[in-house]
Amino acid sequence: MMTRTIFHLAAQRDWEQAEAEHQIYFPPTFAQDQMTHAASDIATLIKVANQFYRDLPGPWLMIEVLVAALEAQNILVKFEPAAPVGARDDHFEGSDAVLFPHIYGGIPAIAVGFIGVLPKNDLGEFVDPGDLNQFR
């Protein structure tokens, strides 16, 4: 069964640069990975964020991506086992039982449902934003 929406974590500066240049967004690891990593839900995105991005400077954006809009742009989405992110091949506990949506291309603005900052708690861990009213 195909999910209608998926979620991607992007450094705010990278997303805003692509938007300012009217370009399709590609994550920094795209050249190495040949895909854009995503998650099927916010809870999984938070696990991925804490595994790979907790110690990297932010802010970080949670981007809701509309699968049908990607497909309309001929951008393939495949649900596959966890894959390395850049040079890192470590994964969170239980990730071997999850199929992740891998976007075989970038994310055009037309495929975005909402964007919001994925917040951190006082311990520096990414947490669920809870109130989606902060998103555009």
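1. First, the ground rules. Residues are numbered from 1 along each chain as its sequence is written, and side-chain values use heavy atoms, leaving out hydrogens and water. Because the model is predicted, local features need pLDDT of at least 70 and side-chain atom pairs count only at pLDDT 80 or more, while totals for chains, interfaces and linings use all residues.

2. The protein has four helices and six strands, in the order β-α-α-β-α-β-α-β-β-β along the sequence. Helices (H or I, at least four residues) and strands (E, at least two) are DSSP runs, numbered from the N terminus.

3. Of the 136 residues, 45% are buried, meaning under 20% relative accessible area, with exposed over 50% and partly exposed in between (1.4 Å probe, protein chains only). For contacts (heavy atoms within 4.5 Å) between residues at least 6 apart in sequence, 76% join residues at least 24 apart.

4. Now to the backbone. Most residues other than glycine have a negative phi, and most peptide bonds are trans. The bond joining G58 and P59 is cis, with omega about 5°; P59 sits in the loop between α3 (42-52) and β3 (60-66).

5. H22 has a positive phi, near 55°, without being a glycine. Its loop runs between α1 (12-20) and α2 (30-33), and H22 is exposed at a relative accessible area of 73%.

6. N74, also not a glycine, has a positive phi of about 60°. N74 belongs to the loop between α4 (67-72) and β4 (76-80) and is exposed, at 74% relative accessibility.
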